[in-house]
Amino acid sequence: MPSLEEELFPSTPGKFKDRNRHFHRCFASTSNMFLWALFLIALTASYLCFQSFMDSGNRYFTSTWGGHHWERNVINSAQIRRSHGGMSVLVTGAAGFVGSHVSLALKKRGDGVVGIDNFNNYYDPSLKKARKNLLTQNSIFIVDGDINDSKLLVKLFDIARFTHVMHLAAQAGVRYAMENPGSYIHSNIAGLVSLLEVCKNSNPQPAIVWASSSSVYGLNEKVPFSESDRTDQPASLYAATKKAGEEITHTYNHIYGLSITGLRFFTVYGPWGRPDMAYFSFTRNILQGKPITVYRGKNRVDLARDFTYIDDVVKGCIGSLDTSGKSTGSGGKKRGPAPYRIFNLGNTSPVTVPMMVAMLEKHLKVKAKKNFVVMPGNGDVPFTHANISSARKEFGYKPTTDLQTGLKKFVKWYLSYYGYDQGKL
Ligand SMILES: NC(=O)c1ccc[n+]([C@@H]2O[C@H](COP(=O)([O-])OP(=O)(O)OC[C@H]3O[C@@H](n4cnc5c(N)ncnc54)[C@H](O)[C@@H]3O)[C@@H](O)[C@H]2O)c1
């Protein structure tokens, strides 16, 4: 009886038979090699997956949270301490510039506030820690964690029934997107979705107010920028992620009944500001006697920004929270339509960058060494100018601080924080 092997490869006389055997041996050894190669590829792939999991874990989820003491801190901080209309707010990015100011303002009027921040090193984390200390002194607890850590978010919603979320955590900055594009996807896209997922599932659902950006207007040339203007020509990945955020939040509003308000901030500045922004880094360089690079547009046209003072933006954030209306869903099910709003929060009076530098020179009493350079096409836009009539109509938004006054306050803070010692600046 022929073996199975012979059935598959019937023996034939002479050379042909030999060739057949040879072919079979070759086939067997090739398939062995193939299996080994497959095994090695699988092994390498699992190792790489494990490594990248560990990397991302290390990079983003280094915080420790939980335990009785931690929970007590969250509960105390979330507690509403005013009799009428108080809210309990989860502020993401609370150790950031805008987040720390909004947290303090909410706490001051008796609202409950719990912050979350991952203290990343996009800019000097010691400034974030200093802001955190300020918040701690005002009985605000900041959780050291990442908004992509959904277990942490679920836990926070379990122990504190937040009525509102003020979502300010993001990878900010326009030019850094060319260096580290992944960080924008991590915080502004994946982080946003992770937060919305937890909000949508929580019962009751909170109302969400979040920071979009004037950068969504991109190459729009119609001034002043109105909320109904086109926003489909972003000039940077940062702008594109903010625009995507507006679409993503719309989806969660539409499907799950989450109340959403997106705020397009226009160049926010002031005490405890962001060291990566021009007014801040110019101040540092001017005091250190170093040159500053001032960008110019085509045909030597000066760039202009609708600089908006932090206290005005805080009033806009709180006005938005107060008028946000309720989410209608619960446990992931929509029960009816919920508000979806977008507002510009600007100052309505753009100032050119050289004029801003002149104001800094006046407050610092030092002349700047200016290098004028043609603006590279790396994400900046030539000008911004907000139309704020919608925010004014909806919650009485009315900025009151001009750039001259605001920069004076910033310089005062800068000198008190960093000191006059040139070496430390
Ligand atoms: N400052 C402005 O001029 C301006 C203009 C337009 C829009 N915005 C937006 O306003 C918001 C606040 O900006 P800001 O100027 O305070 O910036 P910021 O960088 O000072 O604050 C953002 C904070 O979020 C934290 N963060 C980032 N990714 C996180 C993550 N995945 N998990 C947890 N925390 C994370 C950072 O550590 C930081 O402390 C941002 O969404 C920003 O894009 C700011």
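This is a predicted model: local features need pLDDT of at least 70, side-chain atom pairs count only at pLDDT 80 or more; totals for chains, interfaces and linings use all residues.
Local features were considered at pLDDT of at least 70 and side-chain atom pairs at pLDDT 80 or more, whereas totals for chains, interfaces and linings use all residues. Residues are numbered from 1 along each chain as its sequence is written.

The ligand is surrounded by 28 residues, a residue being counted if its C-beta atom, placed from the backbone, lies within 6 Å. G93, G96, F97, A170 and A211 are the closest. Two or more residues each come from α4 (97–108), β2 (112–117), α7 (181–201) and β5 (207–213); helices (H or I, at least four residues) and strands (E, at least two) are DSSP runs numbered from the N terminus. Helix α4 gives the largest share, three residues.

In strand β6 (residues 260–265), six of the six residues are buried (20 or more other C-beta atoms within 10 Å of their own, C-beta atoms being placed from the backbone), so the strand is largely enclosed by the rest of the structure. Both faces are covered, with I260, G262 and R264 on one side and T261, L263 and F265 on the other. Strand β6 runs parallel to β5, joined by six bridges, where pairing requires at least two DSSP bridges. A211 of the ligand shell stands opposite L263. Strand β6 also pairs with β11 (residues 340–345) in the parallel sense over six bridges, and F265 lies opposite L345.

L127 belongs to helix α5 (residues 125–137). The C-alpha atoms of L127 and Y417, 290 residues apart along the chain, are separated by 9.7 Å.

Definitions and conventions: A residue is buried if 20 or more other C-beta atoms lie within 10 Å of its own, exposed if 12 or fewer, and partly exposed in between; C-beta atoms are placed from the backbone.
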